[in-house]
Amino acid sequence: MTSNYTVTVLGLGAMGLPMATRLASQLTVHGFDIAEPRLKLAEEAGIATFSTARDAAKGADALLLAVRNGEQLNDVLFGANGVASVLEPGAVVILGSTVGTEAIPATVAKLAEYGVELVDAPLSGGPKRAGEGDLLIVVGASPEAREKANPALELLASTLTVVGDKPGDGQALKTVNQLLCGVHIAAAAEAMALADALGLDQAKTLAALEAGAAGSFMLSNRGPRILEAYTEDGAEVLSRLDIFVKDMGIVGKATRAAGLAAPVAAAAEQLYLLGQAQGLAAADDSAVIKVVAPTRRTA
């Protein structure tokens with residue numbers, strides 16, 4: 001991996017900036033964001049910034065996208081200011097977002113008109129792990145496209161799993177992943193609400209649960225933030241609640257399309273939807289405990 005390889009990162013937010021910073025440690029990185037403060041932070045990290053997404057994408061070997069959904073993916077690539085037309089033939093688009101499988105076939109077909117391949121590579125891990133190159137990335141792409149994307153993917157991932165040889169395979173596995181994550185967060189919130197209702201010290205309860213068979217990554221990761229949900233400012237927003245509204249919606253579509261009953265996932269989805277309806281959309285997803293128990297019972 002050398003600085004001759006250029007990656008463009010569009011969106012320098014909570015995940016985009018640490019990923020771009022990590023990539024800039026060994027590669028040439030171009031960045032764009034609509035927020036001027038994020039551009040300044042990127043420049044300080046050694047990232048070349050541009051005034052438009054199209055300018056940032058020109059000459060890139062790989063374009064790394066973190067978009068919200070399939071509609072935004074289509075707009076960024078093919079909309080009025082879409083970047084697909086400025087990419088060089090042979091470049092790859094690395095899709096790091098969870099958008100579901102539905103948007104993938106049309107995206108692949110449109111990119112092919114420009115001689116560009118899609119590397120379906122949804123990622124997990126959060127901002128801190130993104131900056132450390134400690135992400136979990138699951139990949140669906142042709143061997144040729146994977147090889148072109150590897151300089152970027154290997155810098156970002158501590159666990160890089162090739163799911164299949166076609167785009168959409170990564171989204172499929174990430175959908176399964178998000179089913180578990182969404183359920184685990186909701187279950188952790190219910191458990192901590194019960195501990196409070198029973199008059200237990202929540203912090204001591206959390207420590208005890210983590211040490212036993214009930215422990216999980218999500219319990220350890222979200223647990224401390226769940227305990228901060230009732231503070232004046234709430235927990236630091238590291239993963240918005242409405243992201244799980246989106247992701248559990250994707251899970252629901254996938255299970256219905258497969259004719260599969262998923263009652264636990266459906267119940268978790270309803271908790272996130274209730275949280276969104278109650279004004280918690282922009283709060284950290286740990287705030288789902290406030291749906292189960294709007295106020296704490298013990299001090």
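Mentor: L10 has F32 as its bridge partner in strand 2. The model is a predicted one.

Trainee: What makes strand 1 and strand 2 a pair?

Mentor: Strands pair if there are at least two bridges between them. Five bridges join strand 1 (residues 6–10) to strand 2, and the two run parallel. Five meets the requirement of at least two, so the strands are paired.

Trainee: How do you know whether V92 is buried or exposed?

Mentor: Buried means under 20% relative accessible area. V92 has a relative accessible area of 0%, so V92 is buried. V92 is found in strand 5 (residues 92–95).

Trainee: Which residues is V92 in contact with, leaving aside its neighbours within four places in sequence?

Mentor: Among them are D61, L63, V116, K148 and A149. V92 and A149 are 57 residues apart in sequence, yet their C-alpha atoms are 6.7 Å apart in space.

Trainee: Why is the pair of F244 and Y272 called stacked?

Mentor: The count of aromatic pairs comes to one. In that pair, F244 and Y272 are 5.5 Å apart, centre to centre, with 25° between the planes. Centres must lie within 6.5 Å, and planes under 30 degrees apart count as stacked.

Trainee: How do you know whether F244 and Y272 are buried or exposed?

Mentor: F244 has 3% relative accessibility, so F244 counts as buried under the 20% limit. Y272 is buried as well, with a relative accessible area of 0%.

Trainee: Why does T255 count as buried?

Mentor: T255 has 12% relative accessibility, which is under 20%, so T255 counts as buried. T255 is found in helix 11, residues 241–257. Apart from its neighbours within four places in sequence, T255 is in contact with L260 and A262.

Trainee: What makes E132 and K128 a salt bridge?

Mentor: A side-chain nitrogen of Lys or Arg must be within 4 Å of a carboxyl oxygen of Asp or Glu. E132 and K128 meet at 2.8 Å, N to O, so they form a salt bridge. A search of the whole structure finds eleven salt bridges.

Trainee: Why are E132 and K128 said to be separated by about one helical turn?

Mentor: Because they are four residues apart in helix 6 (residues 126–132). E132 counts as partly exposed because it has 43% relative accessibility, and K128 counts as exposed because it has 61%.

Trainee: How do you know that R146 and D165 tie parts of the chain together?

Mentor: The side chains of R146 and D165 meet in a salt bridge at 2.9 Å, N to O. R146 lies in helix 7 (residues 143–156) and D165 in the loop between strand 9 (157–164) and helix 8, so the bridge ties together parts that are 19 residues apart in sequence. R146 counts as buried because it has 17% relative accessibility.

Trainee: What makes K166 and D169 another case of a salt bridge?

Mentor: Their side chains meet at 2.8 Å, N to O, so they are within 4 Å. D169 counts as buried because it has 16% relative accessibility.

How values were computed. Residues numbered from 1 in each chain as written. Predicted model: local features only at pLDDT ≥ 70, side-chain atom pairs only at ≥ 80, totals over all residues. Heavy atoms only, no water. Buried < 20%, exposed > 50% of the residue type's maximum accessible area, 1.4 Å probe, protein only. Contact = heavy atoms within 4.5 Å. Phe/Tyr/Trp six-rings, centres within 6.5 Å; stacked < 30°, edge-to-face > 60°.
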